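Colleague: I am new to this structure and would like to learn how to read it. Could you take me through its features one at a time?

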Amino acid sequence: MKRAHSEVLSGDEVPNKKIKTSEPEVSESHTSLLYTPPSGRAPGPVTFQQPQQLVTFSYTPQHELEFTNSALRYYVDPPNGADLRYGYDRWIKRPEEKGRLDSLLRAVSRTRSKMKEGQPSAPDWLSTIGVVSWRGVMTKILTAPYEERDGWDLNVMLVNGTLYFEEHSSDARLVDRNNLPPNQRLQTYYGYSFESYCTSSERPTDGHKAGWGGDVDTNVQWCSVVKTKLADTRLVIGGEVDCVRDKHTGKTNTLVELKTSMNIRHAQDEARFEKKLLKFYFQSFLLGVPEIVVGFRSPQGRLGTIQSFKTVEIPRMVRGKPHAWDPTRCLDWANRFLTFLKDTITPCIDKEDSAATPVWRIKFNPGTGISASLLDKTGVDEVSAGEERVGFLPKWYLDELKDSKAVPLLHQASPNHVPKRDSIQPSQPTALPSGWQI
Ligand code: A3P
Ligand code: MG
């Protein structure tokens, strides 16, 4: 028998109350969640497997993907007091685009073929994977219990038992992100400039002189794709990695994340920084990046202290502090989020017709929770944006999957689960999980 969500999730779920959303596109009949006030009850531990690197790839200056390490950079100590404004006028800035999964899917496809080569008679590796997502989206999901300001929207599709997440950006939002106010644009540049000072395309030798690592071109990126497991859900996650310390081992153990932050002068600055560490932490944790090097800077972009943090030690550093956060809460929430999606997004009956694959919209509202709704044709058309896609997934990828004899494992994990195909109707509200505590 199907379990009610209120049984599956410990939170307080209140149906048929309208969520206050900033955008009007959500149906009036939407089911909502009540914000759950802090109860002090700490959730039980949720396991997260050490991420294992599957493949790396690079984007060239033309932003073309290649399965090489051409964009890999090595960590070097930056010069004292460096000017982070240096080279600003020469910044080659990649335009902001929709958060398409295409490159990650190419990496998934490549991994899948390699696995098949090694064991041709083994079941399809991809059929064991519950979620494919960019790291940025997973970071947003995990840190949502502590997010007070920024909402987000996801597009989600289920194919052969695997959920695919794409961040949904409306055209208006993209225009905004491509036209940052000048000061914000400069502050963003400081982060990239720090990366340039801290990296070299050559492995540094003993006599390496600290300096500028080359003009910033945000088309060029080095990405790592890992597999990991949150509770009982296997995940494939991809994301950009800033550099490696000493050498690339083909594992995650030498990866380094670079971050900038404002100098800390008062207790208030310290609290702000400790709050920011939540995002730094999960961003690195999800890809198995063991080290985060933070460059503290002045508002004018003058580099001050450099501090290296071991990712695993960060939660202990903030414990008991005024803006303390608990990663266990985040993992517990993410697990419940995924369980909810698995229970809500059920396989499409018409498996032969990939054009019938529904697209779901998950909306997160800070202080409220998440909501899920099935997109109608207009919504799906906006997502595919006239490109050769079904929903947001490229047609070439779905064609590849069509040939596979994958058995969806996702829903086998839940013996009580009854597919709710009847309930899948455009704009039909779905019951939602809640229960996070801040
Ligand atoms: P900082 O994080 O040091 O400010 P990343 O750290 O993820 O590798 O990103 C490199 C830089 O890109 C960031 O440096 C920041 O300048 C910019 N950046 C990344 N994500 C951003 C976001 N969501 N909004 C604004 N700037 C962002
Ligand atoms: Mg960085």
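Modeller: Gladly, and let us begin with pairing: two strands pair if DSSP finds at least two bridges between them. Helices (H or I, at least four residues) and strands (E, at least two) are DSSP runs, numbered from the N terminus. In this predicted model, local features need pLDDT of at least 70 and side-chain atom pairs count only at pLDDT 80 or more, while totals for chains, interfaces and linings use all residues. Residues are numbered from 1 along each chain as its sequence is written, chains are lettered from A and ligands numbered from 1 in the order in which they are written, and side-chain values use heavy atoms, with hydrogens and water left out.

Colleague: How many helices and strands are there in the protein chain?

Modeller: The protein chain has ten helices and 19 strands. Of its 438 residues, 51% are buried; buried means under 20% relative accessible area, exposed over 50%, and partly exposed in between, using a 1.4 Å probe on protein chains only.

Colleague: What is the order of the strands in the open sheet?

Modeller: Nine strands make up this open sheet, in the order β4-β3-β10-β11-β6-β8-β7-β16-β17, and their pairing is mixed. At the edges stand β4 (65–66) and β17 (369–374), each with a single partner strand, so one side of each has no neighbour in the sheet. Helix α6 (residues 267–287) packs on the sheet and touches β10 (221–230) and β11, with its direction at about 110° to that of β11. Here axes are lines fitted to C-alpha atoms, for helices over the stretch in contact, and angles run from 0 to 180 degrees between N-to-C directions.

Colleague: In which sense do β3 and β10 pair, parallel or antiparallel?

Modeller: β3 and β10 pair in the antiparallel sense, over seven bridges. Within that pairing, Thr-56 stands opposite Ser-224 in β10. β3 also runs antiparallel to β4, joined by two bridges, and there Ser-58 stands opposite Glu-66. β3 and β4 form a hairpin with five residues between them, and His-63 in the turn has a positive phi of about 60°. Six of the eight residues of β3 (residues 52–59) are buried, so this strand is largely enclosed by the rest of the structure.

Colleague: Why do the buried residues of α10 line one face of the helix?

Modeller: An α-helix has 3.6 residues a turn, so residues three or four places apart point the same way. In α10 (residues 395–402) the buried residues are Tyr-397, Leu-398 and Leu-401. Seen down the axis, they fall within an arc of 95°, so they line one face of the helix; the arc is that of the directions from the helix axis to the C-beta atoms. Their cover includes α2 (102–118), β7 (152–159) and β8 (162–167), where contact means heavy atoms within 4.5 Å.

Colleague: Where is Asn-160 found?

Modeller: Most residues other than glycine have a negative phi. Asn-160, in the loop between β7 and β8, has a positive phi near 50°. Asn-160 is partly exposed, at 27% relative accessibility.
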